[in-house]
Amino acid sequence: MGEDFLTTREKIYKLLVEAEEPLSAEDMVALLGLGKKEYSRIQEDLEFVIRSVKKRSGGAEIVEMIPARCLTCGYVFKDRQKAKRPSKCPRCNSERIAGPWFILKKSSRK
Ligand SMILES: [Zn+2]
């Protein structure tokens with residue numbers, strides 16, 4: 001039962017803590033058992049979690065983003081900071097975009 005009392009943001013944080021592989025917002029929607037309708041809400045919560053993890057841990061924990069990429073031409077959205085998936089590739093106009101993915105890193109700086 002317990003986990004039902006967690007907020008979505010706490011659940012996202014927990015997923016990031018437990019994940020061994022980077023997760024996309026879509027992976028999180030699936031892992032949390034949510035519908036596609038929840039996708040944009042998850043992205044907002046995820047952006048909040050990314051900011052709050054850094055603040056709360058004083059920089060000891062950071063959510064690293066692995067940029068989205070185009071599955072058609074391999075273009076990497078390096079400069080994009082948002083958790084939201086880009087809708088279109090600027091190079092080939094393909095809409096087959098994967099990622100971005102997120103993973104929690106602990107800083108080794110003490
Ligand atoms: Zn492309």
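Residues are counted from 1 along each chain as its sequence is written. You're looking at a predicted model, where local features need pLDDT of at least 70 and side-chain atom pairs count only at pLDDT 80 or more, while totals for chains, interfaces and linings use all residues.

Now widen the selection to S1 and to strand S5 (residues 101-106), which pair in the antiparallel sense over two bridges. (Strands are DSSP runs of E with at least two residues, helices are runs of H or I with at least four, and both are numbered from the N terminus; two strands pair if DSSP finds at least two bridges between them.)

(Axes are lines fitted to C-alpha atoms, for helices over the stretch in contact, with angles from 0 to 180 degrees between N-to-C directions; contact means C-beta atoms, placed from the backbone, within 7 Å.)

Finally, zoom out to the whole chain. It holds three helices and five strands, running α-β-α-α-β-β-β-β from the N terminus. Its C-alpha trace spans about 45 × 35 × 20 Å along the principal axes. Of the contacts with a separation of 6 or more, 52% join residues 24 or more positions apart.

Notes. Two residues are in contact if their C-beta atoms, placed from the backbone, lie within 7 Å.
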